[in-house]
Amino acid sequence: MEPKLVLFVFLLISAAATCEYIRPPPRKTLHFPWNSKLSSHPQQVHISLAGDKHMRVSWVSNDKSTLPMVEYGTSSGRYSNKSQGESTSYSYLFYSSGKIHHTVIGPLEDNTVYYYRCGGGGPEYKLKTPPAQFPVMFAVAGDLGQTGWTKSTLDHIDLCKYDVHLLPGDLSYADYIQHRWDTFGELVEPLASARPWMVTQGNHEKESIMFFKDGFQSYNSRWKMPYEESGSSSNLYYSFEVAGAHIIMLGSYTDYDEHSDQYNWLKADVAKVDRKKTPWLIVLFHVPWYNSNEAHQDEGDRMLAAMEPLLHAASVDIVLAGHVHAYERTERVNEGKLDPCGAVHITIGDGGNREGLASKYKNPQPAWSVFREASFGHGELKLANSTHAYWSWHRNDDDESVRSDQVWITSLENSGCIAEKKNELMKILSGP
């Protein structure tokens with residue numbers, strides 16, 4: 001082969017090997033038609049876990065006389081059980097919400113399909129309870145919003161055979177415009193009414209107005225999580241268990257220092273964890289602690305300084321965060337260094353928000369950063385058994401879900417880390 005031809009082929013191969021993924025352009029915010037549902041019919045239906053073998057059904061009705069009642073059973077059209085719940089509403093500047101209902105149903109059988117209807121009438125919905133044992137599948141996507149990319153992400157999640165959706169903050173991107181909470185509820189209803197959605201707050205949920213409105217009013221009114229069931233005094237932080245996982249949802253935007261209510265609750269919650277029963281310990285919050293993207297640098301440092309020692313002593317396996325509109329996965333890390341007893345940190349704030357992607361990363365790439373890419377997508381976490389989990393990240397490549405990162409993760413339960421850090425954990429738990 002001629003030398004010039006060899007050089008040309010070499011350059012062509014090199015260019016192909018180093019070519020970066022070309023990201024599709026942003027998509028517009030979705031516009032929703034006028035709601036044609038009857039005022040008495042349920043709207044924005046979503047479900048969440050509410051303690052052992054119980055589920056909370058939440059919905060909105062425009063008919064103020066609608067009762068917070070849910071009828072349910074294991075056969076379509078035959079409702080052998082009925083539960084009564086509570087109702088609330090709120091006003092925000094010139095906006096008044098519909099009547100917001102929260103009703104806990106159960107006890108429910110594990111891994112079982114139930115049919116239900118809300119408020120004594122309207123359409124029938126169908127949900128499936130999570131399994132009691134491994135394997136269990138979680139869909140993960142943060143910073144959703146209401147754009148064309150959001151719709152693409154939700155369509156891809158709908159194809160995933162998941163049991164629970166985990167959302168580490170920034171749901172609707174209503175940003176003070178309250179009817180966007182309503183349109184978000186309608187957008188996610190097909191998925192959120194069928195599988196439990198477990199969420200925590202992000203900065204876009206705050207919506208506080210100085211001297212006039214406290215933060216998180218809309219979020220707390222609409223998305224009630226099992227904080228009371230897990231001994232918390234705030235909807236902004238709580239925990240729950242699914243199959244063999246204990247999952248802790250923390251608040252990046254409420255006090256978290258060592259003297260705060262959240263920190264004291266976290267100590268009490270960690271002390272209750274039985275790793276024989278729940279060998280996987282997973283934590284979610286909004287602002288990432290390990291982030292090599294140029295966006296939102298150092299924003300999680302104070303929370304990291306306050307809480308990482310406790311989470312490290314507790315041998316947390318995986319930490320899921322959002323906020324940065326990109327994807328990144330780390331090695332096991334603690335105190336900024338590789339640590340076989342540290343947690344794997346995953347930033348997945350790439351659900352489809354209207355603000356676009358955070359495309360600039362810091363170089364050189366830190367030793368703890370394994371994979372990073374600024375693309376919209378979602379994650380899937382399958383806990384296969386007590387020792388192994390399979391994580392995969394699926395990029396939204398146009399309208400195809402492309403698996404772009406994957407890894408098997410081994411639980412710390414049998415690693416020796418828990419025994420090694422037992423005294424460290426006890427010292428923190430017994431502290432002031």
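The expected span of a helix is taken as 1.5 Å times one less than its number of residues. In this predicted model, helix α6 (residues 301-313) comprises 13 residues and extends 18 Å from its first C-alpha to its last, close to the 18 Å expected. Just after α6, Ser 315 adopts a positive phi of about 60°.

Buried positions in α6 are Met 303, Leu 304, Ala 306, Met 307, Glu 308, Leu 310, Leu 311, His 312 and Ala 313. The elements covering these buried residues include α5 (261-272), β16 (280-284), β18 (327-334) and α8 (422-429).

The largest nonpolar core contains 102 residues, and Tyr 116, Phe 138, Leu 166, Trp 197, Trp 223 and Trp 391 have the most contacts inside it. To this core α6 gives the most, contributing seven residues. Domain 1 (43-127) and domain 2 (132-430) each supply at least three residues to this core. A second, separate core consists of five residues, among them Ala 326, Ala 358, Tyr 361 and Ala 374.

The C-alpha centres of domain 1 and domain 2 are separated by 26 Å. Their contact involves 28 residues from domain 1 and 32 residues from domain 2. About 2,500 Å² is buried between domain 1 and domain 2, with carbon and sulfur atoms giving 54% of this area. Of the area that domain 1 buries against domain 2, Gln 44, Leu 49 and Tyr 92 supply 29%, more than any other three residues.

Definitions and conventions: Residues numbered from 1 in each chain as written. Predicted model: local features only at pLDDT ≥ 70, side-chain atom pairs only at ≥ 80, totals over all residues. Heavy atoms only, no water. Helix = DSSP H or I, 4+ residues; strand = E, 2+ residues; numbered from the N terminus. Buried < 20%, exposed > 50% of the residue type's maximum accessible area, 1.4 Å probe, protein only. Contact = heavy atoms within 4.5 Å. Core = buried A, V, L, I, M, F, W, Y, C linked by side-chain atoms within 4.5 Å. Domains from an automatic or database assignment. Buried area = accessible area lost by both parts, 1.4 Å probe.
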